[in-house]
Amino acid sequence: MESTSETMPDTSKADHLCVLVHGLWGNPSHLDYIVYALRERYGSEDLYILCPKANSGNYTYDGIELGGERLVHEVEETLGSLAEKGQKITKISVIGYSLGGLLARYAIGLLNARGWLDKLEPMNFTTFATPHVGVRAPLKGYKDKIFNVLGPRTISASGRQIWLLDSFRDTGRPLLSVLADPGSIFITGLKKFRTRSVYANIVNDRTVPFYASGLSKVDPFQSLEDVNINYVKGYEDVIIDPDLHVLPPAERKPETIASRFWKKLKSVTIWIPLSLVLVVLVPLASTIFLVNAGIQTIRSSKRIRMHEVGENGERFRRYRVPVLIRDAQHVVEQAIENVNAIQDPAYLSNSDTEVSDGASEKSFKPSVSKFAQNADAESASARRSSTTNASTRSPKLALTHEQFGIIDSLKAVGIRKYPVHIQKHRHSHAAIIVRTDKDGFREGKIVMQHWLDNEFAL
């Protein structure tokens with residue numbers, strides 16, 4: 001696999017700018033395989049690939065708004081530089097990985113407000129393992145409660161935003177809620193792209209849960225042993241059919257006593273070393289992480305303040321455009337839940353179930369949320385029709401009203417959703433984009449192949 005830092009192809013004839021945005025704590029090298037796959041498929045004459053560097057490393061602590069502004073500034077500088085050389089860019093695609101998908105959506109809103117999506121033809125928008133709905137855990141007990149309280153306090157502004165504990169500008173609402181508002185510059189910009197898709201891990205993503213990246217109110221893959229997954233032909237065992245996730249249960253042979261014994265033994269042999277790691281290494285590693293998190297949060301706060309003043313303030317003030325097109329009274333103004341007081345279970349009541357892909361969301365009608373009602377109305381006419389397996393029903397996750405509203409709004413845009421089943425490595429969050437060149441990540445190459453075959457238009 002070639003490295004973006006070592007390869008400098010001739011892109012002087014390219015008219016299509018493809019912006020690739022890395023995730024939290026990331027850097028452009030994490031996207032090397034995506035770059036390689038694009039160049040392998042299309043060469044260098046058609047695509048000019050930009051992997052912005054302004055948000056590398058700990059700069060991702062600084063929040064989606066600041067990161068999005070830096071991203072747009074780098075895109076505009078690149079377009080200006082190419083124009084000075086006589087190179088005419090006529091198309092644009094924006095691809096995000098993990099937190100980078102949220103930065104990409106924010107940047108799309110700014111590019112839309114500044115007229116770029118009228119000057120350039122918006123082509124492709126795709127995210128891989130992006131927490132569109134945030135990472136607040138549907139509470140099951142003290143572990144998730146601790147996660148929801150401590151998590152957002154370890155990564156500065158970005159943490160508060162992806163746990164939906166922030167208040168964006170004067171809206172009184174979390175940034176992720178505004179980012180999905182049907183009357184915002186972000187959604188109107190997103191609708192202009194020719195293709196819109198998300199790829200979401202169903203298992204082993206220790207960073208972003210399936211419901212958050214797959215825009216789902218349920219998790220139909222909770223018990224994989226009981227599920228007969230329907231894979232897309234030609235991408236078997238990795239890409240799951242977006243319209244029909246699950247087939248009727250296959251006939252199984254009765255489990256023997258011997259097979260049950262070996263399964264139990266395997267479970268124990270895995271758990272013993274894992275327990276030792278948890279007992280010995282995790283306390284030390286956690287202490288080091290929390291100390292570093294505190295230091296980086298302080299540094300991030302200083303960068304955020306500096307972003308508003310002096311030359312930086314002058315440079316980035318132009319991006320502080322109105323984000324809502326409609327009057328604020330037409331959108332939900334719901335108070336952010338205090339995670340310390342939440343006692344909701346992991347799922348809503350057992351009777352509150354729905355088909356796995358959520359073709360009809362009639363059960364969610366919060367009386368205070370005009371935003372969610374508007375999204376439901378738009379969903380009927382704007383989202384692509386999909387065939388769901390009516391026999392596969394799952395209990396609805398105990399998400400917040402804001403999270404349900406975000407899912408409804410993004411579904412209404414018409415986003416193709418591909419569940420991804422990476423089985424050969426337990427770090428699917430990195431494997432989905434082949435973040436490093438290792439044999440265990442080879443299933444991610446199938447993800448890239450499917451994306452280029454089906455969702456990327458040149």
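Among contacts between residues at least 6 apart in sequence, 80% join residues at least 24 apart. The model in which these contacts were computed is a predicted one. Its secondary structure comes to 15 helices and ten strands. Of the 458 residues of the protein, 54% count as buried.

Ten aromatic pairs are present in the structure. In one of them, the ring centres of F128 and Y199 lie 5.2 Å apart with the planes at 25°, so the pair is stacked. F128 belongs to strand 4 (residues 121-128) and Y199 to strand 5 (residues 195-201), so this pair ties together parts that are 71 residues apart in sequence. Both F128 and Y199 are buried. F128 also pairs with W451: here the centres are 5.5 Å apart and the planes stand at 90°, so the arrangement is edge-to-face. Ring pairs join F128, Y199 and W451 with Y42, Y418 and F456 into a cluster.

The charged end of K119 sits over the ring of W116, at 4.4 Å from the ring centre. In another such case, K396 lies over the face of F404, 5.5 Å from the centre of the ring.

The packing of two helices was then examined. Helix 2 (residues 64-84) packs against helix 3 (residues 99-113) at an angle of about 65°, and the two axes are 8 Å apart. The crossing of helix 2 with helix 3 is right-handed. On the side of helix 2, the contact is made by I64, E65, G67, G68, E69, L71, V72 and V75. Helix 3 contributes L99, L102, L103, A104, Y106, A107, L110 and L111. Sorted by class, the residues in this contact are twelve nonpolar, two polar and two charged.

Two isoleucines illustrate contacts between parts separated in sequence. I240 is placed in the loop between strand 6 (228-229) and strand 7 (246-247). With a relative accessibility of 0%, I240 counts as buried. Its C-alpha lies 6.3 Å from that of Y418, although I240 and Y418 are 178 residues apart in sequence. Y418 is also a member of the aromatic cluster described above. When residues up to four places away in sequence are not counted, I240 touches I202, F221, I229, N230, Y231, V232, H245, Y418, P419 and H421.

The other isoleucine, I406, lies in helix 13 (residues 401-413). I406 has a relative accessible area of 0% and is therefore buried. The C-alpha atoms of I406 and D181 are 7.6 Å apart in space, while the two residues are separated by 225 residues in sequence. Apart from neighbours within four places in sequence, the contacts of I406 are H132, V133, L164, L176, S177 and A180.

S98 has a positive phi of about 55° although S98 is not a glycine. This residue is found in the loop between strand 3 (91-97) and helix 3, the helix that packs against helix 2. At 6% relative accessibility, S98 counts as buried. L215, likewise a residue other than glycine, has a positive phi near 55°. L215 lies in the loop between helix 9 (210-213) and strand 6. The relative accessible area of L215 is 1%, so this residue is buried.

How values were computed
Residues numbered from 1 in each chain as written. Predicted model: local features only at pLDDT ≥ 70, side-chain atom pairs only at ≥ 80, totals over all residues. Heavy atoms only, no water. Phe/Tyr/Trp six-rings, centres within 6.5 Å; stacked < 30°, edge-to-face > 60°. Helix = DSSP H or I, 4+ residues; strand = E, 2+ residues; numbered from the N terminus. Buried < 20%, exposed > 50% of the residue type's maximum accessible area, 1.4 Å probe, protein only. Lys NZ or Arg CZ within 6 Å of the ring centre and 35° of its normal. Axes fitted to C-alpha atoms, helices over the stretch in contact; angles between N-to-C directions. Left-handed = near helix turned anticlockwise from the far one by under 90°. Contact = heavy atoms within 4.5 Å. Nonpolar A, V, L, I, M, F, W, Y, C, P; charged D, E, K, R; others polar.
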